[in-house]
Amino acid sequence: SMAITVLIGLVNVQEGARTRAREKLLRQQEEIEYLAGLAERERIARDLHDLLGHTLSLIALKAELARKLLDRDPARAKTEVADIETAARDALQEVREAVAGYRGSGLQQELKRLSQALQVVNIQAQIQLPAMTLPPAHENVLSFVVREAITNVIRHARARQCEIRVSRLPGHVELLVHDDGEAPVGVEGNGLRGMRERVLTLHGELEFASGNGHRIRVRLPLPAESAS
C-alpha cells in the first residue's frame, strides 16, 4: 500500500506540474494577446496618420485657395477643386488597401500564435489556411472560435495532436478544429456557448462532437459578393 501511495503521490505531482505549466502558458498567451493588440493599435494609428495627414492637409489648403479664387479666377478655382477630388479619391483607395491588409492578417496571425502555444505544451499542430480574403466580421468570429477552442484543448483535452483547417467552399467558409484528446467533455460549457453565440450572429452553424477526440465544426454563410 505504501508503494501505491507513493505512486499516487508522484502522479499527482506530475499532474500538478502540467497544470501549472498550462496555467503559465495561458497567462503568457493573454499577455501576448494584450501586447499584440496594443502594438496593432499603435501601428494602425501611425499608418492612418502617414496615409491621411499629408493628404488632408493638402485638401484643406486647396479648398481654402479654391474658395478665395471662386470670384476672381473661376477657371483656376475649378482646377483646384479637380485636384481636391483626385487627392480624396487617392486617399480613399489607400485607406481601402490598408484596411484590406489589416483584415487579411488577423486570422493568419491568430493561427500562428496558437500553433506556437500548442508546441509549447507538446501538442503537434496541423494547420491549413489557404490564401483567402474574408469579410472582417467573419474573420473576427473565426479568430474568436479558434482561440477559444485551442484554449480548451490546452486546458482540458490531454491531446497529442490538433488539426485546424479553414476551407473556402461555395457560399460559405468552414472551420474545423479536431484534437485526439482522451478527456471527455460533457455538458456544453460557457466556452462553447460563447462560440455558438458568436457564430449565430452571422447566421452560421456550430457542431461539437466528443468521443475519439473532440471536434468543432463551424460553417459561416458568406455575403453574395464574397462567395464567388
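**Chat notes on a predicted model**

Me: What pattern does the protein chain follow, read along the sequence?
Reply: Along the sequence, the protein chain reads α-α-β-α-β-β-α-β-β. This is a predicted model.

Me: How many helices and strands is that?
Reply: The protein chain has 4 helices and 5 strands.

Me: And how do the strands line up in the sheet?
Reply: The 5 strands make an open sheet in the order β1-β2-β3-β5-β4, with mixed pairing.

Me: How many bridges join β2 to β3?
Reply: β2 and β3 run antiparallel and are joined by 8 bridges. Within that pair, Ile164 stands opposite Val177 in β3.

Me: What sits in the turn between β2 and β3?
Reply: The two strands form a hairpin with 2 residues between them, and Gly171 in the turn has a positive phi of about 85°.

Me: Which way do β3 and β5 pair, parallel or antiparallel?
Reply: They pair in the antiparallel sense, over 8 bridges. His178 stands opposite Arg215 in β5.

Me: OK, and how many bridges for β4 and β5?
Reply: 6 bridges join β4 to β5, and these strands run antiparallel. Leu206 stands opposite Val218 in β5. The hairpin of β4 and β5 has 3 residues between the strands, and Gly211 there takes a positive phi near 125°.

Me: Where does α3 lie?
Reply: α3 lies across β2, β3 and β5, and runs at about 10° to β3.

Me: Switching to the core. Which residues touch the most other members of the largest nonpolar core?
Reply: Val146, Ile150, Leu175 and Val218 do, out of the 35 residues in that core. At least two residues of this core come from each of α2 (74–120), α3 (136–157), β2 (161–169), β3 (172–179), α4 (190–201) and β5 (214–221).

Me: Which of those gives the most?
Reply: α3, with 10 residues.

Me: What is Leu175 in contact with?
Reply: Leaving aside neighbours within four places in sequence, Leu175 is in contact with Leu142, Val145, Val146, Ile164, Arg165, Val166, Ile216, Arg217 and Val218.

Me: How many of the residues of β3 are buried?
Reply: 7 of the 8 residues of β3 are buried, so this strand counts as mostly covered, with buried meaning under 20% relative accessible area.

Me: Is Glu174 buried or exposed?
Reply: Buried, because its relative accessible area is 9%, and the cut-off for buried is under 20%.

Me: Which side chains does the Glu174 side chain make polar contacts with?
Reply: One is the side chain of Arg217, at 2.9 Å. Another is the side chain of Arg219, at 3.1 Å.

Me: What else does Glu174 touch?
Reply: Not counting residues up to four places away in sequence, Glu174 touches Arg165, Val166, Ser167, Leu169, Arg217, Val218 and Arg219. Arg165, Val166, Arg217 and Val218 are also among the contacts of Leu175.

Me: Why does Asp47 count as partly exposed?
Reply: Because its relative accessibility is 22%, and partly exposed starts where buried, under 20%, stops.

Me: What separates the C-alpha atoms of Asp47 and Val95?
Reply: They are 9.3 Å apart, with the two residues 48 residues apart along the chain.

Me: Last bit, whole chain. What share of the residues is buried?
Reply: Buried residues make up 31% of the 228 residues in the protein chain.

Me: What share of the contacts comes from residues 24 or more positions apart?
Reply: Such residues account for 67% of the contacts in the protein chain with a separation of 6 or more.

Note on methods. Residues numbered from 1 in each chain as written. Predicted model: local features only at pLDDT ≥ 70, side-chain atom pairs only at ≥ 80, totals over all residues. Heavy atoms only, no water. Core = buried A, V, L, I, M, F, W, Y, C linked by side-chain atoms within 4.5 Å. Buried < 20%, exposed > 50% of the residue type's maximum accessible area, 1.4 Å probe, protein only. Contact = heavy atoms within 4.5 Å. Pairing = 2+ DSSP bridges. Axes fitted to C-alpha atoms, helices over the stretch in contact; angles between N-to-C directions. Polar contact = N/O pair within 3.5 Å; in protein donor to acceptor, adjacent residues only side chain to side chain.
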